[in-house]
Each structure stands twice: as structure tokens, then as C-alpha cells.
Amino acid sequence: MAAPPTPLVFKVSRREPVLITPSEPTPHELKPLSDIDDQDGLRVQIPLICFYPYDPSMQRRDPVKVIKEALAKTLVFYYPFAGRLREGPKRKLLVECTGEGILFIEADGDVTLEQFGDVLYPPIPCLEELLFDVPGSGGMINCPLLLIQVTRLKCGGIVFAIRLNHTMSDATGLNQFLSAMCEMVHGAQTPSIQPVWERDVLNARNPPQVTCLHHEYDQLVDDTTDNVPLTKKTHRSFFFGAANISAIRGFAPLHLRHCSTFDVLTAFLWRCRTIALQPNPNDEMRILCVVNARNRFNPPLPRGYYGNCIAYSVAMATAGEISRNSLGFTLELVRKAKANVTEEYMRSVADLLVIKGRPWYTMVRSYLVSDVTRAMFAEMNLGWGKPKYAGPAKGNVASFQIPYRTKKGEDGVLVTLCLPTPAMERFVKELDSTFKEQSNGGGNAKSPLSSL
């Protein structure tokens with residue numbers, strides 16, 4: 001395998017951060033988050049990044065000014081984002097809608113989009129320069145709920161980066177907010193989808209009653225060999241094109257070859273990842289699939305609901321079972337885990353979270369997978385076309401599946417993965433051997449390592 005390219009290094013000059021407030025007066029009120037929103041596993045900041053090439057229209061309209069004005073208008077409708085979180089009794093989170101605003105940074109980078117070359121995918125080089133962590137801004141309580149940095153590049157392009165307090169929204173909710181901002185850029189006076197708060201629809205019942213199994217919240221002792229510091233892990237992205245996906249389907253039993261791309265790819269990666277980690281064959285391994293549960297409710301949640309409506313559906317098997325069996329074994333487990341997420345399941349999750357004090361989902365011997373292929377971040381048109389890349393900026397906790405187009409114009413799915421360095425080396429070999437074997441059998445799928 002070729003030596004990795006020299007890491008890109010550049011500097012960014014930033015102006016002092018400012019607060020962007022709603023452009024019109026908004027209500028000052030307390031709004032409780034749902035009992036799904038304020039679980040410990042969502043009390044984190046998540047970064048998203050978009051790269052836009054130069055467009056001549058940028059000379060007529062300063063991108064920074066355009067974005068700031070659009071944000072101020074959007075916050076009139078999404079005014080809770082301009083507030084601050086408070087913590088009430090029993091660790092219940094509430095938004096105080098103070099109108100203080102979101103944090104905004106204007107910056108200039110001494111780099112061109114071309115210098116990023118073919119690495120417009122996670123892990124994003126020099127992310128800390130493109131999304132500066134303003135001291136004191138990254139906490140959960142009494143801190144800005146959104147941080148946005150817009151960086152002008154030497155070539156005239158821009159980088160739009162955003163950090164979201166995850167308790168406020170999931171990927172679907174964030175996309176709804178950003179879509180409204182784009183509409184404001186294009187002259188809209190109101191969003192086409194009106195935001196809906198109504199977080200009480202995902203609160204625990206009274207009294208709470210856990211009616212489903214929720215192994216995703218098992219409190220386990222972490223005695224695994226892959227529990228190493230991030231500095232001793234390797235973070236990579238892999239591209240799976242149509243030929244790769246088709247090849248993977250070919251490993252599944254006939255009756256399962258119709259399954260979704262997410263199911264097939266996730267089952268395949270879980271198996272490869274488990275083999276690479278070399279756990280004890282009797283160790284129980286888990287996969288946690290982040291499931292958007294909006295369509296599991298009857299009646300459905302309101303269309304404009306922008307809170308978290310996700311479940312961490314879990315499947316479990318021993319390392320020996322996963323490694324010994326064919327793809328069909330893990331594929332059946334993934335499909336069953338996703339099917340478990342119903343309206344009753346979500347009610348039961350909310351009840352469990354309240355009873356147990358809003359715990360973390362377990363990451364012990366777990367592979368956490370999040371599908372953002374339908375989040376539509378790549379459609380974010382701020383007035384000068386669509387981004388060359390739009391999506392998660394890193395994937396060192398969750399493994400993201402991201403829609404991606406290569407430099408050759410091939411569409412497919414980009415998968416982020418973070419593993420202990422020796423395990424990543426074994427994972428790469430497992431992928432290479434799998435697709436080499438398929439190729440020797442007459443297939444035409446290149447290794448995901450050579451596709452980017």
C-alpha cells in the first residue's frame with residue numbers, strides 16, 4: 001500500500017467571535033428538552049463541515065455577511081438555539097430562551113481548496129483551525145448551543161463549519177435548521193417547514209414503565225484491548241462504490257440480497273471490524289445502529305419536529321460467532337435490531353432513561369454506526385452552488401456512513417472508522433483480501449482503499 005500523503009498544514013487568522021442574535025424580538029421562556037434529548041450520550045458537541053469552491057457570485061455578495069444575515073433571520077423561527085441550557089431537578093435539561101445568540105467566527109485561511117487535494121473527507125486536516133474551540137464555549141450548561149465558523153480560502157472558496165450541542169437536535173433536525181438558513185439566503189421570509197418544538201411527545205410516561213429490552217444501556221465493565229487512547233488509534237475513511245456494494249451483496253444468502261445498502265454494508269463492516277480486533281472468541285460483541293424513529297410513530301411526529309428522535313438499537317453475538325459465520329449471520333442481526341425500534345420501544349427508552357438517571361449507551365465492545373446518507377447536507381446551497389463535501393468532520397466515536405462522490409465522479413458511501421492502529425492494519429488487510437478474492441472470482445470491485 002502506498003505511503004500516506006504528507007499531512008496538510010495551514011494557518012487561519014480569526015476575528016474575535018461574535019454573538020448572532022435573532023433579527024426580531026423572540027419569546028423569553030423556559031422550554032424543557034425531551035427525555036430522549038437529555039440522555040448522557042447526547043450531551044456532546046458534534047462537528048459538521050462543508051467545503052464550497054469559488055463561485056463568481058461571491059464577489060458580488062460577501063459570503064460571511066450573507067450567512068450572518070440569514071442566521072439572524074432563521075433564529076427568529078428557531079429561537080431556542082439562541083438560548084442557553086439550564087439543568088433542573090434530577091438532571092433535567094431545559095432551554096432558557098434568552099435570545100443571547102449563537103457564536104460566530106469570521107476567518108481567513110492561507111490555503112486553497114485545491115491544496116486539500118483528495119482528502120475532503122474525515123478526518124478533516126487541521127479541523128481545529130476551521131472550527132475553533134472558543135475557550136469556555138464547549139460546555140453543556142450556560143454555553144452557546146451552536147458555534148459556526150466561516151473561513152475564506154485563498155482561492156476564493158469558503159469553508160462553513162458548525163458545532164452543534166447534540167441535546168438540541170439530531171442530524172434530521174440540524175438539516176432542517178440549515179435548510180431554513182439556505183432558504184433565507186435565497187430570499188425567503190419564512191421557512192418552508194415551520195419548526196415544531198413539542199418535546200413533551202418524547203417524555204417518559206407517568207409512571208415510567210420499561211416494556212422492552214434495552215441492552216444498549218447495559219452498564220458494562222470495560223476490560224477490552226481496544227480501550228486505548230485516541231492518540232494510539234488510527235482514523236480513516238473508506239469509499240464503497242456501486243461495485244463494492246454489489247460485491248458485498250454477493251456474499252449474502254439469496255433471500256437477503258434485497259436488503260438496504262446500510263444493512264448490507266453495516267453487517268459486512270461489523271464482521272471485518274470484529275476479525276481485525278482479534279477479541280476472545282467468547283467475548284460478546286455489540287453493534288449499535290442509530291435509527292431515526294420519526295416514521296415509527298402513529299400518528300407520526302409533526303413534520304417540523306427538530307428534536308432528537310433516535311434510538312440506539314443493539315445486536316449482540318460472540319466474536320467467535322461473528323467471525324465463524326457468513327455475512328448472512330450478522331445481516332440478520334442488524335435487520336432484527338432495526339426492526340425492534342417501534343413507538344413502544346421509544347416510549348420504553350424514555351422511561352428507562354428517567355428511571356436510571358439518563359445514562360450513556362454502552363460502548364464496551366461496541367460498534368456504533370450512524371447513517372447520514374439521507375440527511376441531505378450535500379444539498380446545502382448557500383447561494384453559490386452545492387458543497388464539494390458536506391458532512392461529519394470526524395468519526396472517532398461513531399462510524400458514519402456519508403454520501404460521497406469521488407474525484408472521478410463515482411457516487412457511493414464513505415465510511416469513517418477509528419480503531420487501535422494494529423487493528424486498523426488488520427482491518428485494511430481483511431478488506432483487501434476480501435475484494436481481491438471477489439476480483440479473482442470474476443468480480444470488478446476495487447478495494448475501498450484504492451477508490452478515493
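Guide: Begin with pairing: two strands pair if DSSP finds at least two bridges between them. Helices (H or I, at least four residues) and strands (E, at least two) are DSSP runs, numbered from the N terminus. This is a predicted model, in which local features need pLDDT of at least 70 and side-chain atom pairs count only at pLDDT 80 or more, while totals for chains, interfaces and linings use all residues. Residues are numbered from 1 along each chain as its sequence is written, and side-chain values use heavy atoms, with hydrogens and water left out.

Visitor: In what sense do strand 7 and strand 8 pair, and over how many bridges?

Guide: Strand 7 pairs with strand 8 (residues 146-152) in the parallel sense, over six bridges. Within this pairing, I105 stands opposite Q149 of strand 8.

Visitor: Which other strands pair with strand 7?

Guide: Strand 1 (residues 12-14) runs antiparallel to strand 7 and is joined to it by three bridges; R14 has A107 of strand 7 as its bridge partner. Strand 2 (residues 18-20) also pairs with strand 7 in the antiparallel sense, over three bridges, and here L19 is partnered by L103 of strand 7.

Visitor: How many residues of strand 7 are buried?

Guide: Buried means under 20% relative accessible area, exposed means over 50%, and partly exposed is in between (1.4 Å probe, protein chains only). Seven of the eight residues of strand 7 (residues 102-109) are buried, so this strand is largely enclosed by the rest of the structure.

Visitor: What is the strand order in the open sheet of three strands?

Guide: In a regular strand the side chains alternate between the two faces of the sheet. The open sheet here has the order 3-6-5, with antiparallel pairing. Strand 3 (30-32) and strand 5 (84-87) are the edge strands; each has a single partner strand, so one side of each has no neighbour in the sheet. On average, neighbouring strands of this sheet are turned by 35° against each other, direction ignored. Strand 3 and strand 6 (residues 93-96) run antiparallel and are joined by three bridges, with L94 of strand 6 as the bridge partner of P32.

Visitor: At what angle do the axes of helix 5 and helix 6 cross?

Guide: Two packed helices are described by the angle between their axes and the distance between the axes. Axes are lines fitted to C-alpha atoms, for helices over the stretch in contact, and angles run from 0 to 180 degrees between N-to-C directions. The axes of helix 5 (residues 242-250) and helix 6 (residues 261-277) cross at roughly 70° and come within 10 Å. The two helices are therefore roughly perpendicular; angles under 35 degrees count as roughly parallel, over 145 as roughly antiparallel, 65 to 115 as roughly perpendicular and the rest as oblique.

Visitor: Which residues make the contact between helix 5 and helix 6?

Guide: Contact means heavy atoms within 4.5 Å. Helix 5 contributes I245, I248 and R249, and helix 6 contributes T261, V264, L265 and F268. Take T261: leaving aside neighbours within four places in sequence, T261 is in contact with I245, R249 and V413. At 31% relative accessibility, T261 counts as partly exposed.

Visitor: How many salt bridges does a search of the whole structure find?

Guide: Side chains of opposite charge can pair when their charged atoms come close. A salt bridge is a side-chain nitrogen of Lys or Arg within 4 Å of a carboxyl oxygen of Asp or Glu. The search finds 27 salt bridges. One of them pairs K92 with D35, the closest N and O atoms being 2.8 Å apart. K92 lies in the loop between strand 5 and strand 6, and D35 in the loop between strand 3 and strand 4 (45-52), so the pair ties together parts 57 residues apart in sequence. Both K92 and D35 are buried.

Visitor: Where do the partners E87 and R43 lie?

Guide: E87 is in strand 5 and R43 in the loop between strand 3 and strand 4, 44 residues apart. Their salt bridge has its closest N and O atoms 2.8 Å apart. E87 is partly exposed at 42% relative accessibility, whereas R43 is buried at 15%.

Visitor: Which residues are linked in a network of salt bridges?

Guide: The network links R15, D62, E106, D108 and R152.
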